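Here is a short briefing to read beside the model. Please keep the sequence and the coordinates open as you go.

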Amino acid sequence: TYMKLPEDVAVFYTSIASIKKDVFKACGGFDENYRSASIEDLEFGQRMVSYGHRLSLNKNLQVEHIRHYSLAGLLKTGITRTAGIIKIRLRGRTENKRSNYVTSSRSFMLGIALAYLSLASLAAGALTGTIPLFVLALALYVLILLLNFPFLNFLRKSYGWFFFAKSCLLIFADMLAHGLGGIVGVLSYARGRRY
């Protein structure tokens, strides 16, 4: 995903980033309203760009960002990050700040909507016993896999067929978690929780 991003970005990737101290201070540093590390790098990057600074992504530099997720941890991260991104966007609308930058691919974001449609078709099929609804649910799932095949195929080449098979199952759950995060973000913001 990151290799497909343009050279100029609006995220200060804290896993591998550098900045002059005076620029960091002039932009106000990280927003301390965030209670834990989550998406403060996205918000800070957008703020830097709104102040006229340029953030460049040097694709010749690479790091291995080692994370060990459990299934629950991965899904929780998807919910938390998406809820935070939604709140950044909503705050941006009320504060007239740049808030339209995302790092997820369009195919993943479309997959979120398709995952919920697939789940709804599956539930409706189970309630009514209508076979075409089960077929629709399966077709939507296959469409999700096809839309995200370049990423899934990369995983297959890097980690093998077993990892690929697990990823084909996990991507659906991950998309559902991200969708739930969007809902949580909107509801939480509506209740006055801006962070």
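In this predicted model, arginine 54 forms a salt bridge with glutamate 7, with 3.0 Å between the closest N and O atoms. A salt bridge here is a side-chain nitrogen of Lys or Arg within 4 Å of a carboxyl oxygen of Asp or Glu. Arginine 54 sits in the loop between α2 (40–50) and β2 (55–56) and glutamate 7 in the segment before β1 (8–9), so the pair ties together parts that are 47 residues apart in sequence.

**How to read the values**
- Residues are numbered from 1 along each chain as its sequence is written, and side-chain values use heavy atoms, with hydrogens and water left out.
- Because the model is predicted, local features need pLDDT of at least 70 and side-chain atom pairs count only at pLDDT 80 or more, while totals for chains, interfaces and linings use all residues.

**Salt bridges around arginine 54**
- Arginine 54 also meets aspartate 8 in a salt bridge, at 2.7 Å from N to O.
- This pair links distant parts of the chain, 46 residues apart: arginine 54 is in the loop between α2 and β2, and aspartate 8 is in strand β1.
- Together, Glu7, Asp8 and Arg54 are linked in a network of salt bridges.
- How accessible is arginine 54? Its relative accessibility is 56%, so arginine 54 counts as exposed (buried means under 20% relative accessible area, exposed over 50% and partly exposed in between, with a 1.4 Å probe and protein chains only).
- Glutamate 7 is partly exposed at 48% relative accessible area, and aspartate 8 is partly exposed at 39%.

**The salt bridge in helix α2**
- A search of the whole structure finds three salt bridges, one of which joins the side chains of glutamate 43 and arginine 47 at 2.7 Å, N to O.
- Both glutamate 43 and arginine 47 lie in helix α2, four residues apart, which is about one turn of the helix.
- Are these two residues buried or exposed? Glutamate 43 is buried, with 9% relative accessible area, and arginine 47 is buried as well, with 10%.

**Nonpolar surface patch**
- Tyr116, Leu119, Leu122, Ile131, Phe134, Val135, Leu180, Ile183, Val184 and Leu187 make a nonpolar surface patch of about 850 Å².
- Patches are made of residues with over 30% relative accessible area and no salt bridge; nonpolar side chains (Val, Leu, Ile, Met, Phe, Trp, Tyr) are joined within 5 Å, and like charges within 9 Å.
- Two or more residues of the patch come from each of α4 (106–128), α5 (131–147) and α7 (161–190), and α7 gives the most, with four residues.
- Isoleucine 183 is found in helix α7, and at 43% relative accessibility isoleucine 183 counts as partly exposed.

**Overall fold and surface**
- The protein chain has seven helices and two strands (DSSP runs numbered from the N terminus: helices are H or I with at least four residues, strands are E with at least two).
- Along the sequence, these elements follow the pattern β-α-α-β-α-α-α-α-α.
- The C-alpha trace spans about 65 × 45 × 25 Å along its principal axes.
- Of the 195 residues in the protein chain, 35% are buried.

Technical notes. Accessible areas come from the Shrake-Rupley method with a 1.4 Å probe; for residues, only the protein chains shown count as cover.
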